Amino acid sequence: MDQLAQQLVNGLAWGSIYALIALGYTMVYGVLRLINFAHGDVYMVGAMSAFYLAHALGFAAAPSLPGFVIVMALSMVVCALLGALIERAAYRPLRRQPRWAMLTTAIGVSMLLEFGGQAVFGADPKFFPQLIESAPAFRIAGAVVTNIDLLIFTVSLLLMLGLRWFVYRTRAGMALRAVSVNVDAAALMGINVDTIIAMTFMIGSALAAAAGAMVGLRNPKIEPLMGLMPGIKAFVAAVLGGIGNFPGAVAGGLLMGVSETLVAAYISSTYRDAVAFVILIAVLLVRPTGLFGSVTVEKV
Amino acid sequence: MAFLELDACTLSFGGLTAVRDVSLAVDPGELVGVIGPNGAGKTTVFNLITGVYAPDRGTIRLNGQRIDGLAPHRITQRGIARTFQGIRLFPTMSAFDNVAVGYSPRAGHLLDAVLGTPRAAETRSRIGAECDALLKLFDLTERRDDAARTLSYGAQRRLEIARALATGPKVLLLDEPAAGTTPHEKTELMQRIRWLRDHFGLGILIIEHDMRMIMEMCERITVLDHGEVIAGGAPAAIRADARVIEAYLGPEQT
Amino acid sequence: MSGLAFMVRRNAPLALVLVGLGLLGVGLDRWLNAYYLQIVVLIGINIILAVSLNLINGITGQFSLGHAGFLAIGAYVSAATTRFAGLSSEAALPVALLAGGGAAAVAGLAVGIPTLRLRGDYLAIATLGFGEIIRVVILNTEAVGGARGMGGIPILAGFGSVYACAALCLVMIWRLVYSPRGTAFFAIREDEVAAAAMGIDTTRYKILAFTVGAFWAGLAGGLLAHFIGYLHTNSFTFLRSVEIVVMVVLGGLGSLTGCALAAAILTILPELLRFGAEYRMVIYSLLLIAIMLTRPSGLMGGREISWRSWSSTPAR
């Protein structure tokens, strides 16, 4: 029973990470109807830039919580800019092209980030500095929750609440929702669609960066291809929750984290990665709109 | 019993009833008009006939056999063809190929084509000739090899009808065939539609907003408003019908 | 003239080409430098892969990202056929190829049927998922070597067999889609609803496209297995699927001759880029992005290199 609780804590920690990344997928899909293949690699850039920033700013030598927060915030800025750049350079020119064109380009950007990362950062893994030393924070139901896990839960929750406030309580957020529903109508209402889409990419990328930095703290071994699997899993999580649906992305992410942790613990660790694909196929075949998604009917 | 017959069909989307208790009949050689304000459910009726939707209640019969609930391609194979309110041609395919698609379900076997049998060659020349004949009928021979999306609006509308005819229908559904066309094109269209009716013995159902066209061409007219049939009969009767006038112009202000 | 005589005359040019390729192959297999021979043979295999994927993606409009899965199944099944049946003569090759192609075709059916209702992005992701599942299953199958790979496959394929298959593949698919009935494939790509309204059973055509495409990919896998002599699942990842997609896109979605040309170019390119070492794949990705931004319609813009075709080919 202790083990189960512990696995649940682990699962929820990973689930929070997946949820943050999934939110980025879902946001971009909402406004562009694009599966941003490169998003998982932005998460990798987040971890990498946090790594370099930690060293450059001296926090690696003098670990501290505020130090980590600063590093994470800065890497969020870096990735927000990266996201905006990618959108502007690679996706915006293709808005009027058939769907497969943007999808193929997204694959290209993803490959560029991965192989470029290997060329620039070196293919060997790096070790994220221990900006916070892992220590048990408290026990619940026989499971130990470390301070790092607590940080992950807290930061994720704050970011998600912040996003929710932004989307539902600000004019920019309302504009985002409008663009998600009907791009052309939103444009006719005077909304600057280009700005909104760029903003969406920036926010999504920032969330991914936060996830990357926190993962660096929890699982210090980072390398240029680390975004591959989490990217796919987070995407599946977004689909599971209903692509385009924010609470769905969060729910999907948590479910994904918990189920793969439990499968790895109780069935076999070699099948851990397969869980995502099985869930993906199951969702697409049984309920493609996901748990919370809505069906859109094509008008004939 | 009529050749194509809708009997008290009702269709709802969630809480919205799009079509309620609608009955309609068309026989070969008849020109029947379907009119009504926007949103009255006219295209929905077409979608019901062609199998895009299945009615929640009521039946649709073709030559005595029920077709409601069948898949769209099966209904077309049984002899009902249509055009779309917003033109749905195959944009990058040539005019010739667009028409050829209409013949494709009846164009021999793929195995013959792969093996290169004489039957395949015969099919190719036969269908090629039929496509060219149809294109000629609709004054599209010059644009035979041009991509459909490069055609003028009027030419696209004609191509859509030509393509529908390629399926060899007994009943033809035209959804606003004159929308956006010039008066000259409309006159030509009316002549063409009458010719099709006479030459092929088709039953033709037309949705249109141009009253002059409807009144001149159609033998019978069915009027829809808010998903229900509010009037039906000869043009003269429809023109004078108080409910029809009210539906289009609003209630009398006294 | 009689039906048989007609068919003989119709297929004579193809037969001549096949014989010519066979003869050429005998010479090349023996005298061409092994490095160049490998590249040339690889071009042939990639042509089959590109053309078969084009049928699914470019012509029928079903954006599939899992082609490497069919390649893998064909490779492993055909290799298992010769390895475990103890066959090693050249005559065994057609049997192995058909076994591989057949198995892949079944997989194509298994993938195509459930994914029929899915559109665009969803279909792409589902096929990606299937491709990965296939790879992971093979990776965990000890009987075919699992993580160590499968070796000791008899070398039975060479220039002649590969290019003969490539010619057959190209001709078969060409005849399939550029026929009166074949216009239906293009119609489904252009507008599925309108296609159904024209009496086309879109489901059947989509399944057919998947099955035929998968068959040829599987056959190509068999050729690969019996040319290299060794298999490992690392060759059949999502990246491999992407490489094939890039060939189809570069050649122009829907253009059979275009993607064959692109397959040749993109097989040679990595060799030319060897000087770049670790930057090779970076250049490759930049190339992909550049193509999409400048000329997404590809080299041929959807047209075929052709002087004669039944109907007007899809113009852009």
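This is a predicted model: local features need pLDDT of at least 70, side-chain atom pairs count only at pLDDT 80 or more; totals for chains, interfaces and linings use all residues.
Biologist: Let's begin in chain B. Is strand E8 (residues 203–207) of chain B enclosed or open, and how many of its residues are buried?

Modeller: Take the two faces in turn. On one side B:Gly203, B:Leu205 and B:Ile207 are buried, and on the other B:Ile204 and B:Ile206 are buried too. The strand is therefore largely enclosed by the rest of the structure, and the count of buried residues is five of the five.

Biologist: Which residue stands opposite B:Leu205 of E8(B)?

Modeller: The place to look is strand E3 (residues 31–35) of chain B, which pairs with E8(B) in the parallel sense over four bridges. The residue opposite B:Leu205 is B:Val32.

Biologist: And what is the hand of the crossover from E7(B) to E8(B)?

Modeller: Strand E7 (residues 171–175) of chain B pairs with E8(B) in the parallel sense, over five bridges. Within that pairing, B:Val171 stands opposite B:Gly203. Between the two strands the chain runs through helix H7 (residues 183–200) of chain B, and the hand of this β-α-β crossover is right-handed.

Biologist: Turning to the open sheet of chain B, which strands stand at its edges?

Modeller: This sheet has four strands in the order E2-E1-E4-E5, with antiparallel pairing. An edge strand has a single partner strand, so one side of it is left without a neighbour in the sheet; the strands in that position are E2 (16–26) and E5 (65–66) of chain B.

Biologist: What is the bridge partner of B:Thr10 in E4(B)?

Modeller: Strand E1 (residues 4–13) of chain B pairs with strand E4 (residues 57–62) of chain B in the antiparallel sense over five bridges. For B:Thr10, the partner in E4(B) is B:Arg57.

Biologist: Now the contact between chains. How much area do chain B and chain C bury between them?

Modeller: On the residue count, 41 residues of chain B and 39 residues of chain C take part in the contact. Carbon and sulfur atoms carry 64% of the buried area, and the area itself is about 3400 Å².

Biologist: Which side chains meet in a salt bridge across that interface?

Modeller: The rule finds seven residue pairs in polar contact there, both residues being at pLDDT 80 or more. It finds one salt bridge across the interface. The N to O distance is 2.9 Å, and the side chains are those of B:Arg88 and C:Asp191.

Biologist: Which element gives the largest share of the side of chain B that touches chain C?

Modeller: Helices H2 (72–78), H3 (95–103), H4 (110–115) and H5 (118–137) of chain B each give two or more residues to that side. The largest share is six residues, and it comes from H5(B).

Biologist: Over in chain A, is A:Gln7 buried or exposed?

Modeller: A:Gln7 is found in helix H1 (residues 2–32) of chain A. Beyond its neighbours within four places in sequence, A:Gln7 is in contact with A:Thr261, A:Leu262 and A:Ala265. Its relative accessible area is 14%, and with the cut-off at under 20%, A:Gln7 is buried.

Biologist: How many residues apart in sequence are the parts tied together by A:Arg272 and A:Glu260?

Modeller: These two form a salt bridge, with the closest N and O atoms 3.2 Å apart. A:Arg272 lies in helix H11 (residues 272–286) of chain A and A:Glu260 in helix H10 (residues 246–266) of chain A, so the pair ties together parts whose separation in sequence is twelve residues.

Biologist: Where does B:Glu219, the salt-bridge partner of B:Arg197, lie?

Modeller: The closest N and O atoms of B:Arg197 and B:Glu219 are 2.4 Å apart. B:Arg197 is buried at 14% relative accessible area, whereas B:Glu219 is partly exposed at 34%. B:Arg197 lies in helix H7 of chain B, while B:Glu219 lies in the loop between helix H8 (211–217) and strand E9 (220–225) of chain B.

Key: Residues are numbered from 1 along each chain as its sequence is written. Chains are lettered from A and ligands numbered from 1 in the order in which they are written. Side-chain values use heavy atoms; hydrogens and water are left out. Buried means under 20% relative accessible area, exposed over 50%, partly exposed in between (1.4 Å probe, protein chains only). Two strands pair if DSSP finds at least two bridges between them. A crossover is right-handed if, with the strands pointing away from the viewer, the path from the first strand over the helix to the second runs clockwise. Contact means heavy atoms within 4.5 Å. Buried area is the accessible area (1.4 Å probe) that two parts lose on being put together, summed over both. A salt bridge is a side-chain nitrogen of Lys or Arg within 4 Å of a carboxyl oxygen of Asp or Glu. A polar contact is a pair of N or O atoms within 3.5 Å; within protein, one must be able to donate a hydrogen and the other to accept it, and residues adjacent in sequence count only if both atoms are side-chain atoms.
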